[in-house]
Amino acid sequence: MGWAAALLPALPPAHVARLDALPETALPAGTVLFRAGDRPQGFAVILEGRVDVTLTGASGREILLYAIEPGQSCIQTTLGLMGDDPYTGEAMTVAPCRLIMLPRPLFHELMHDSEAFRAFVFRAFSARMSELTRLLEQVAFARIEARLARALLDMAADGAVQATHAELAARIGSAREVISRQLDRWAQRGMIVTERGRISLRDPEELKRIAL
């Protein structure tokens, strides 16, 4: 079974065949897919890997808007294709990726002709908007300590987080200096151990309490 039938089982066979005939692209980590000011040229479907979409303010501070993983979509691309608006953020692969790019004309044709494709796009768009709403709520109302604790718990694998202070700051919408000070305080309390690009969680239960 091709990728189109797996992701869009209700799509008519003729549309599935056209999508499955599109070439697959492999990209290494660190590849920029778009920058602020670019205009969408097509609709990317991620088959494998992860793409982070970030927004950089006038001050130079960066925030992670959302990550795109297999089966998910990019809000900025959908809005750009439907409204002919340029990107305001930047997208970069953070892991090796495999993707399919639907050219702009084909995207518009399927949006017009296929109820199943429209439903797929709008379901993914709705899920992304819910994530962005939660992010705005956290940035606006949650304490830095709670947001950072939750981020560490969510990102941890085998009791450790592989991330720089700048990456953590972008993820929760804060400044790197603020993140560094908070991590230093937790390290002094024995809750974590910090190394270059790595944070070991020694007291995850206390982090869970802070994250509440």
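**Figure 1. Helix 8 and the residue that follows it.** Gly190, which comes after helix 8, has a positive phi near 80 degrees. The model shown here and in the other views is predicted. Helix 8 is made up of 13 residues, and the distance from its first C-alpha to its last is 18 Å, close to the 18 Å expected at 1.5 Å a residue. Its buried residues are Ile179, Ser180, Gln182, Leu183 and Trp186. The elements that cover these buried residues include helix 6, helix 7 (165-172), strand 9, strand 10 and helix 9 (204-211).

**Figure 2. Packing of helix 6 against helix 8.** Helix 6 (residues 144-155) packs on helix 8 (residues 176-188) at an angle of about 75 degrees, and the two axes are 11 Å apart. Angles of 65 to 115 degrees count as roughly perpendicular, and helix 6 and helix 8 are therefore roughly perpendicular to each other. On the helix 6 side, the contact consists of Ile144, Glu145, Leu148, Ala149 and Leu152. These meet Val178, Ile179, Gln182, Leu183 and Trp186 of helix 8. Sorted by class, the residues in this contact are 8 nonpolar, 1 polar and 1 charged.

Figure 3. Strand 8 is joined to strand 10 (residues 198-201) by 2 bridges, and the two run antiparallel. Val161 has Ile199 of strand 10 as its bridge partner. Strand 9 and strand 10 are also among the elements covering the buried residues of helix 8.

**Figure 4. Strand 3 and its pairing with strand 7.** Of the 7 residues in strand 3 (residues 42-48), 5 are buried, so the strand is largely enclosed by the rest of the structure. Strand 3 and strand 7 (residues 97-103) run antiparallel and are joined by 6 bridges. Among the paired residues is Ile46, whose bridge partner in strand 7 is Leu99. In a regular strand, side chains alternate between the two faces of the sheet.

Figure 5. Helix 3 spans residues 75-83, and its buried residues are Ile75, Gln76, Thr77, Thr78, Gly80 and Leu81.

Methods: Residues numbered from 1 in each chain as written. Predicted model: local features only at pLDDT ≥ 70, side-chain atom pairs only at ≥ 80, totals over all residues. Heavy atoms only, no water. Buried < 20%, exposed > 50% of the residue type's maximum accessible area, 1.4 Å probe, protein only. Helix = DSSP H or I, 4+ residues; strand = E, 2+ residues; numbered from the N terminus. Pairing = 2+ DSSP bridges. Axes fitted to C-alpha atoms, helices over the stretch in contact; angles between N-to-C directions. Parallel < 35°, antiparallel > 145°, perpendicular 65-115°, else oblique. Contact = heavy atoms within 4.5 Å. Nonpolar A, V, L, I, M, F, W, Y, C, P; charged D, E, K, R; others polar. Expected span 1.5 Å × (residues − 1).
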